[in-house]
Amino acid sequence: MKTRTLLEVDVFGLKPLQGNGLAVVLDADGLSTERMQDFARWTNFSETTFIQRPTQFGADYRVRIFTPRTELPFAGHPSIGSAFAMLWNRRIGARQKQVVQECGAGLMPLRAIGNLSDRQYLVQAPSPKITPVDPAEAERICSALGCASRPVQHVNVGAKWLVLDLEQADQVLALRPNFSALAALSNDGGATGVTVFGSYGRKSADQYEVRSFAPADGIDEDPVCGSGNASVAAVLQAAAKQPRFTTAYAARQGRACHRDGRVQVQIHADRRIEIGGGAFLISEGQVRL
């Protein structure tokens, strides 16, 4: 077994230990897919990433992203956390304002903003594919969530989410889902899980409250979910709602599971979606894999 650098990073949190934890294994070349999946299952974070040498021209590094149960082609908080880990370990430069990540979804650019002390990264999500969910299936999803029936969209941004607009933030926070039912419905719908959102209105700096449930992947509730927020942005973009729809906004996530994170979202005129935020290093050491 080889000794490799392991960093644990808190992504999107307003302060350390309030966001979404991520394990990042550097110098992961030579690890088999099975070994990476075993380690991701062992860490039991919502995602664990493995950094390897790139295989595509133009990429700074390759990242492979695993939940405890499966590999994902793209996810937001692992992309941002991996870039932060590479910066911390001086694998990318502090003055490097753009990073290109190779992942299962292709080449994903990340844009650095802020000084080194308050560095944030915005990652471009894959182009979304949105499909309405059959009304009968949508009703079953709403029943499992414990909310009134409403339309559901299947949104593919690398990770696949069933997305519902609950209109109001307090309705999002009040949900008490049936996780076993959501797991079955996610599997039936070919989705990572279910993401819900609701508006705070004009008086709040954070426009939306978001929750993401992925019990089919072993994660009842993802504390702060980048791909879930990218899916919400895709639904808003498609609906072009006014005045609730804006091209740049902040979403809050995590308070329903004793965390507190903020995701910055930008929707560009050419329909590109970026999601971003900061990160904190929690621990650094070695792992034998």
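A residue is termed buried here when its relative accessible area is under 20%, exposed when over 50%, and partly exposed in between. The structure under discussion is a predicted model. By this criterion Phe-39, with a relative accessible area of 7%, is buried, and Phe-50, at 0%, is buried as well.

**Aromatic pairs**

Seven aromatic pairs are found in a search of the whole structure. Two of them are set out below.

| Pair | Distance between ring centres | Angle between planes | Class |
|---|---|---|---|
| Phe-39 and Phe-50 | 6.3 Å | 70° | edge-to-face |
| Phe-179 and Phe-213 | 6.1 Å | 55° | tilted |

The pair of Phe-39 and Phe-50 links distant parts of the chain: Phe-39 belongs to helix α1 (residues 33-43) and Phe-50 to strand β3 (residues 47-52), eleven residues apart.

Phe-179 is located in helix α5 (residues 179-188) and Phe-213 in strand β13 (residues 208-214), so their pair ties together parts that are 34 residues apart in sequence. With a relative accessibility of 25%, Phe-179 counts as partly exposed, whereas Phe-213, at 0%, counts as buried.

**Nonpolar cores**

The largest nonpolar core comprises 55 residues, of which Val-9, Tyr-61, Tyr-121, Phe-197, Tyr-249 and Ile-275 touch the most other members. Because domain 1 (3-124 + 277-288) and domain 2 (129-271) both contribute residues to this core, it lies between them. There is also a second, separate core of 19 residues, among them Ala-138, Cys-142, Val-152 and Leu-175.

Conventions. Residues numbered from 1 in each chain as written. Predicted model: local features only at pLDDT ≥ 70, side-chain atom pairs only at ≥ 80, totals over all residues. Heavy atoms only, no water. Core = buried A, V, L, I, M, F, W, Y, C linked by side-chain atoms within 4.5 Å. Buried < 20%, exposed > 50% of the residue type's maximum accessible area, 1.4 Å probe, protein only. Domains from an automatic or database assignment. Phe/Tyr/Trp six-rings, centres within 6.5 Å; stacked < 30°, edge-to-face > 60°. Helix = DSSP H or I, 4+ residues; strand = E, 2+ residues; numbered from the N terminus.
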